[in-house]
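Please read this briefing with the structure open beside it.

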4 protein chains.
Amino acid sequence: MTTTSDTPATVRPLRLGMVGGGPGAFIGAVHRIAARLDGAFELVAGAFSSDHGRCLERAAEWNVEPERAYASWQDLLRAESERPADERVQVVVVVTPNHLHHEIAIAALEAGFDVACDKPLTTSSALADEIARAVERTGRRFLVTHNYTGYPLVREARALIARGDLGELRRVDVEYVQGWLAEDLAAQGQKQAAWRADPALAGPGGALGDIGTHAFNLAEFVCGARVERLFGRRHSFVAGRAVDDDAEALLELTGGVRGTLRCSQVCVGRENGLVLSVFGTRGGLTWRQEHPNDLELHRPEGGLTVKRTANADLSPLAAASARTPPGHPQGFLEAFANLYRDLATAIRAEAPLPDHLPSVTDGVRGVRFVEAVIESDARGWVEL
Amino acid sequence: MTTTSDTPATVRPLRLGMVGGGPGAFIGAVHRIAARLDGAFELVAGAFSSDHGRCLERAAEWNVEPERAYASWQDLLRAESERPADERVQVVVVVTPNHLHHEIAIAALEAGFDVACDKPLTTSSALADEIARAVERTGRRFLVTHNYTGYPLVREARALIARGDLGELRRVDVEYVQGWLAEDLAAQGQKQAAWRADPALAGPGGALGDIGTHAFNLAEFVCGARVERLFGRRHSFVAGRAVDDDAEALLELTGGVRGTLRCSQVCVGRENGLVLSVFGTRGGLTWRQEHPNDLELHRPEGGLTVKRTANADLSPLAAASARTPPGHPQGFLEAFANLYRDLATAIRAEAPLPDHLPSVTDGVRGVRFVEAVIESDARGWVEL
Amino acid sequence: MTTTSDTPATVRPLRLGMVGGGPGAFIGAVHRIAARLDGAFELVAGAFSSDHGRCLERAAEWNVEPERAYASWQDLLRAESERPADERVQVVVVVTPNHLHHEIAIAALEAGFDVACDKPLTTSSALADEIARAVERTGRRFLVTHNYTGYPLVREARALIARGDLGELRRVDVEYVQGWLAEDLAAQGQKQAAWRADPALAGPGGALGDIGTHAFNLAEFVCGARVERLFGRRHSFVAGRAVDDDAEALLELTGGVRGTLRCSQVCVGRENGLVLSVFGTRGGLTWRQEHPNDLELHRPEGGLTVKRTANADLSPLAAASARTPPGHPQGFLEAFANLYRDLATAIRAEAPLPDHLPSVTDGVRGVRFVEAVIESDARGWVEL
Amino acid sequence: MTTTSDTPATVRPLRLGMVGGGPGAFIGAVHRIAARLDGAFELVAGAFSSDHGRCLERAAEWNVEPERAYASWQDLLRAESERPADERVQVVVVVTPNHLHHEIAIAALEAGFDVACDKPLTTSSALADEIARAVERTGRRFLVTHNYTGYPLVREARALIARGDLGELRRVDVEYVQGWLAEDLAAQGQKQAAWRADPALAGPGGALGDIGTHAFNLAEFVCGARVERLFGRRHSFVAGRAVDDDAEALLELTGGVRGTLRCSQVCVGRENGLVLSVFGTRGGLTWRQEHPNDLELHRPEGGLTVKRTANADLSPLAAASARTPPGHPQGFLEAFANLYRDLATAIRAEAPLPDHLPSVTDGVRGVRFVEAVIESDARGWVEL
């Protein structure tokens, strides 16, 4: 068979290189599935582990050519930079423990790559600011994977509020509770738990950094408002744990909005309980991550309205964020994939990161949030 | 037909007199239904309104003899005291606006009546202490109608925790959100809203007194622990409202338990959203007032267990608190009625108020809680 | 104190006499609570048990004078008839096993009493027709306690459909599943189970009569349509059980509506799972008895709307059927009490039973339904 | 950099060719995402449309080389057969309208390809049997994409029952309700609706074939039992529609299990309401597709247990079917992907289709089910 000159041009996946994500890691595998889900990206290179054998093992499992399974992230950046433009990695994904984000991200930006970086952005706001400056300096796209913003109904919540459906906002309350660190898993050698409990690797926040930053980002994202002041408290319930496993804050946001944030990793039996509620003068909403396809709307006329992707009046971004018809549940991976799909769209359009994707600015704010709670725990209300 | 000497003695209802509860009032009607529900009490007298015509109107509607529809609470106490012991009111129910509780309650106690008093107990802790001393001095029973403690599964939650099912407690979080005061109903002449918004009648707390005290009591009741310190904040979102309509507090309870409390009456569209969650070293629980027949248990072994009155291992008090078989929903009125039924049992047994009924001590603590949040809002952490 | 000539007339409770409801019975106690809940009725007489000692025991417990605790229902009818009009029982409640309903109900009607009778009305449609004729002949009010029709949101569902909100109806599906008869409780001596499993006492239907009739009535009540034909099947899963414990039917209703009905008492672990869904050309609804304060509405424009008593556009009857504000859960007993309250209103107004109360006609239809399923199980589609 | 002889062998994706799935089709895109999700398959060839221009358009969009975007499925089979073994398509996915499945599937099998075919398998049981014989004759793997069997908790339900947790089964009830065909979309030119409403393309079943076969398969899959007899009824509510849009059946399964099946596509506002419940002598379960991560267990000891992938005692297959930690919702696409992942595992292991994957036998049964309901609607109980 032949193809004519009218044959449409094949859309090739963009090329991704990953730093971190070796065997045993959870989030690297999630990034891979999310990035590949629509065919927008292909994972073509990786420095998956500081142990080259393990890196090669991962590469083999993930269909990455062994010569692009690098012994170090430095190798990855250097070797990929030297490849022809149409082969070279276009986006570097950073999914290492937090303390490595800063150096890798800046190096990747300076080597001319776009970057997708896991949260928290880094371990101090001084380092975070350096990353932000590198983004500005290089003009590269920088995505921080606050993946919960990718759910269709989270995007709908943001759109609803932006267009004033809830009136003037008054309250925002967000909680994020998990139970998997209720005992001292780090002492038992659980790898995911271990690095998160080591301030040298994770940064000063435990639950604060790992899930508090997601909760904080979700509140700001949906409300379109910034936390200006907070009164925070943190605690370690598990004896000997060097970072917090539980924290709360009273919040003040732009425009007189008040709120609370709670995060805990010692709520035995709770899985991934991220819940946001927002109330304004004309209505309210509640979104629950564990049932992400329902957006509860509270109205002065009474009762409860549950908005779903089936709703005829869905905002365009929320509608475009759904891959399956209503009632065909969309989950965590697809929400995550929405970030990558929208990043790919921006890259193909040679456009900057769109407003609805979490940026380095959000990453910087997350790090400031962790520091602010810690500072506030010692001395009272803190400006953010 | 005749009855023999073996005929069992008829159980007559105990006799109740009500102060407050006139036409238009909500809570008086609830008390009447709750007290009468099992036939444990009959309402035989009332000073339902300071307007005697309205008092008589209510009496007629409620089958109270006109001569026991008194022009004032003073008349009620005096005239009832003079009746023969087997006719006289046994319990005086106080359901007036808060500022009147103190004088009426003490006078009723001193006149020899048991008292059931709505919450908040009174408008200051100095007055609350005086009531507590009157209770001690007179030796009468004194019930504060924190009615949410009457739900079978709230009592089960308390029993579970008391016997150590959750291990050592770590966190308790309670929220109570309503939306009915999201606009300025008081200015629009709504009676229920009006007196609650007037500090001279309601006391210094708005949402704090009206619903915050319930949330506070529920947390202490279920945990069997006391709030020792709090950091609170309050606010009025509705312009010109003289009391708070929204408040939060960070809590420290006995034994290192940490927690949060939120209450708001401006969450548009929310009805009566009282939710409690408690976590310990071995498990957690969540109870939601709007679905009161489910008690969610969180366990380290995973999944979710919903306990109901059907459970074979239900604690005796919870089992005795159910009037209908499992799956036949028990509601607000029956939970309320459980307080009255248990009070009647104590009276018949000539026993003191049982531990599981909210007492004057709980009432005093509620008033202190309101004051503590207000004080803390001004100056930081406060001991309770 | 004195009362003036303007004193409003005291509203005395109407007087109730109960046949059945002795110690150990469940439903008699429910009727008593329901009838007394608002003070609309007082229970003043009873033939609670064929054992007079047990009858007196119940009377004492329930504050019924011993001389009105009759040795037999015949005594009750005779003695009460002879009392002065302003003392005499006004409504006779029949809560005996089913096989006694017919004789007692007709005798009560003919003695001039209004009657409230439990379901199923009786044990055959021939007997049911006799009761219906007695109702017609005597002109008395006759209430069949299909209590699920008393829930505010069931009444709202009926109103919604009557005014055309769902368009032309297409489907109605109702299921009622319980698990309490999954084992042979009757053989173990459980009294509630024993008489229900004896066709001589319960009639030909087991689950069909006990809960199937409720499901059938609910479907007809809400839809305002009649089942015209059915194809049924029944079964006993428990060996040796003389009546069905499980049954289903395909339904055809007036106007081309199609549906299904399922009932079972062997669904281990299920409590009282009565669920109704109705769909028409313009929308649908679902109501679940175990969460009775939510009415789910399905609309072409998508999402889900949960209607509650808070809704501003609630129909008048549904609104009047609520005793507590939104979010203060209303349960089984209050729904039951709504039947009695509305019956009292009719009696006071000297009006006939209102349309929305289940009547003898509904009772007759319930009995026909049981017979139709049994007949259909043997020979195919049956007209009703 | 170099790789040593110890470098693990790269796991290449298996190669997929798709017939059908052109622009505008829904299910082809789902298959592509599902097959690619883990990297187990790559889509390398397609006959996406009978219009070659549209086929090329799809190929370009999906990164399929234009020379492998074939003008016809015959071309695809022929050209791919001629490719070297290590390039050639390994699995042919058939996602055309139903009437084409038979010819394509048999041709693909006979050309030596494994086949994944959408449901219903084909348009008559005679044709279905021919496919089954071709599978047997060729020894190829044949997957029918009853994708709901891929959910972790559906697999868990099957495992629970297989090991006897529910005792001897008694009842299985399955319903599948949608609303998208409540109006005559086909007449309005909606493509998905149009072919489904044409018996020449869809086969004799409308809702029966499209969703009834899923419901039927789910019941048999989870119960590990076969429907032996049924009494069915079907209907078209939308005037002029040539196939059913609504149907029910009473079921008898192996071992005396009784049940019901309902399916409808005219339940306005319902999305994808597939719900299964199963009860046995020792317990029951309910699974709801729209909240697929919860498996409700009903136990004689009361209450409700919700099993999730967090449960420590999860069966191995269910555990292996989860890609994300508990509380990170898994959705429709991932369940679908589980079928493809397990198919890939079988292919790599050179093993036959595992028992838990829906096979041609299930496909044949689905077609028989459609025919049986139609036949039963005309003449009563039918053996299956």
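In which loop of chain D is the place of D:P120? D:P120 sits in the loop between strand 4 (114-117) and helix 5 (125-138) of chain D, where helices (H or I, at least four residues) and strands (E, at least two) are DSSP runs numbered from the N terminus. This is a predicted model, in which local features need pLDDT of at least 70 and side-chain atom pairs count only at pLDDT 80 or more, while totals for chains, interfaces and linings use all residues. Residues are numbered from 1 along each chain as its sequence is written, chains are lettered from A in the order in which they are written, and side-chain values use heavy atoms, without hydrogens and water.

**How chains B and C are related**
- A rotation of 180° with 0.0 Å of shift along its axis places chain B on chain C with an RMSD of 0.0 Å, when the copies are superposed by least squares on the C-alpha atoms of residues with pLDDT of at least 70 in both.
- That is the relation of a two-fold axis.
- The residue of chain B that comes closest to this rotation axis is B:G331, with its C-alpha at 2.4 Å.

**The interface of chains B and C**
- In this interface, 53 residues of chain B are in contact with 53 residues of chain C, where contact means heavy atoms within 4.5 Å.
- The buried area is about 4,200 Å², and carbon and sulfur atoms give 61% of it; this is the accessible area (1.4 Å probe) that the two parts lose on being put together, summed over both.
- Four salt bridges are found across the interface, each being a side-chain nitrogen of Lys or Arg within 4 Å of a carboxyl oxygen of Asp or Glu.
- A salt bridge joins the side chains of C:R12 and B:E65, at 2.8 Å from N to O.
- Helix 1 (27-36), helix 2 (52-61) and helix 11 (332-348) of chain B each supply at least two residues of the side that touches chain C, and the largest share, five residues, comes from helix 2 of chain B.

- Most residues other than glycine have a negative phi, and most peptide bonds are trans.
- The peptide bond from D:K119 to D:P120 is cis, with omega near -10°.
- The bond from A:K119 to A:P120 is likewise cis, with omega near -10°.
- C:N63, which is not a glycine, has a positive phi near 60°, and it lies in the loop between helix 2 (52-61) and helix 3 (73-82) of chain C.
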